[in-house]
Amino acid sequence: NGEHPVTAGLESIVIPWTSSLDVLADEEGNVRAEVLAASTPSSWTESGRYDFSPQRRLRLPVEEGARRSRPLVVLLQGRFRSAWKDREPPPADEGVPAALLDESEETAILVIGSSSMAQPEFLRQFPAGAVFLMNAVDWMTIGADLIGIRSRTGGERALSEFTARERTLLKAANVVVLPALVALYGFVTLLVRRRRRNAG
């Protein structure tokens with residue numbers, strides 16, 4: 001989300017072993033939902049038994065609508081309804097306070113599709129994830145004033161997706177054009193040396 005201060009300065013973030021989120025409408029209209037990060041339009045979900053091996057051949061889903069962008073990080077803001085509103089609360093001695101509110105004060109809750117994102121090994125491997133989490137904490141506590149400074153140092157510019165024709169041209173350039181240029185340079189160098197030798 002390029003509009004929100006938490007993610008505006010980040011090119012991308014890595015959320016390992018993530019699950020997509022379903023954003024449900026608040027019937028009372030007290031809670032606002034904003035998607036901060038989503039998968040690409042080419043993504044799809046898998047459920048049940050599946051193989052994480054990077055060497056397996058992926059079978060793209062053919063069902064209509066199976067490949068689409070899905071929310072992965074959602075920010076909820078507003079007044080959240082109490083779980084005990086319109087219900088009889090348990091006795092106070094079971095850990096529930098005697099005085100219960102029907103709804104919270106103005107609150108922000110950040111929901112991420114995977115808790116693995118905050119694990120130290122992933123934060124070391126993907127520094128943009130650490131920047132994102134620190135941005136979220138700063139925005140919820142002290143505001144957005146200092147977030148832009150950190151975000152500029154934590155982004156990684158992702159490559160755009162290539163068409164089949166562009167991939168073929170790049171492969172041909174690497175396999176044919178670059179070796180041909182090296183061979184041409186060597187041939188020209190050899191000719192120059194021979195001419196110098198003959199001139200001397």
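Student: In this predicted model, is Arg 79 buried, exposed or partly exposed?
Tutor: The relative accessible area of Arg 79 in this predicted model is 34%. Buried means under 20% and exposed means over 50%, with partly exposed in between.

Student: Which residue meets the side chain of Arg 79 in a salt bridge?
Tutor: In general, side chains of opposite charge can pair when their charged atoms come close. For Arg 79 the distance in the salt bridge is 3.9 Å, taken from N to O, and a salt bridge asks for such a pair within 4 Å. The partner whose side chain meets that of Arg 79 is Glu 105.

Student: How many residues apart in sequence are the parts that Glu 105 and Arg 79 tie together?
Tutor: Glu 105 is exposed, with a relative accessible area of 56%, and its place is in the loop between S2 and S3. Arg 79 also lies in the loop between S2 and S3, so the pair ties together parts of the chain whose separation in sequence, in residues, is 26.

Student: Where in the chain does Arg 32 lie, given that its side chain meets that of Glu 106 in a salt bridge?
Tutor: The salt bridge between Glu 106 and Arg 32 has an N to O distance of 3.2 Å. This pair links distant parts of the chain, 74 residues apart, with Glu 106 in the loop between S2 and strand S3 (107–112). Arg 32 itself is partly exposed, with a relative accessible area of 45%, and its place is in strand S1 (residues 31–38).

Student: How far apart in space are Val 35 and Leu 72, C-alpha to C-alpha?
Tutor: Val 35 is found in strand S1 and is partly exposed, with a relative accessible area of 34%. In sequence, Val 35 and Leu 72 are 37 residues apart. In space, however, the distance between Val 35 and Leu 72, C-alpha to C-alpha, is 7.7 Å.

Student: What is the phi of Trp 17, about which the general rule makes me curious?
Tutor: Most residues other than glycine have a negative phi. Trp 17, which lies in the segment before S1 and counts as exposed at 56% relative accessibility, is not a glycine, yet its phi is positive. The value for Trp 17 is about 50°.

Student: How much accessible area do the residues of the nonpolar surface patch have together?
Tutor: Among the residues that form this patch are Val 175, Leu 184, Phe 187 and Val 192.

Student: In which helix does Arg 197 lie?
Tutor: Arg 197 forms a positive surface patch with Arg 193, Arg 194 and Arg 196, and at 60% relative accessibility it counts as exposed. The element that holds Arg 197 spans residues 164–199 and is helix H4.

Student: Which element of the protein has the lowest mean pLDDT?
Tutor: The protein has four helices and three strands, which run β-β-β-α-α-α-α from the N terminus on. The mean pLDDT of the protein is 81, and 86% of its residues reach 70 or more. Among the elements, strand S2 (residues 71–78) has the highest mean, 92. The lowest, 54, belongs to residues 147–154, which make up helix H3.

Terms used:
Residues are numbered from 1 along each chain as its sequence is written. This is a predicted model: local features need pLDDT of at least 70, side-chain atom pairs count only at pLDDT 80 or more; totals for chains, interfaces and linings use all residues. Side-chain values use heavy atoms; hydrogens and water are left out. Patches are made of residues with over 30% relative accessible area and no salt bridge: like charges are joined within 9 Å, nonpolar side chains (Val, Leu, Ile, Met, Phe, Trp, Tyr) within 5 Å. Accessible areas come from the Shrake-Rupley method with a 1.4 Å probe; for residues, only the protein chains shown count as cover. Lys and Arg count as positive and Asp and Glu as negative; His and the chain ends are not counted. The place of a charge is taken as NZ of Lys, CZ of Arg, CG of Asp or CD of Glu. Helices (H or I, at least four residues) and strands (E, at least two) are DSSP runs, numbered from the N terminus. Buried means under 20% relative accessible area, exposed over 50%, partly exposed in between (1.4 Å probe, protein chains only). pLDDT is the predictor's confidence in each residue, from 0 to 100.
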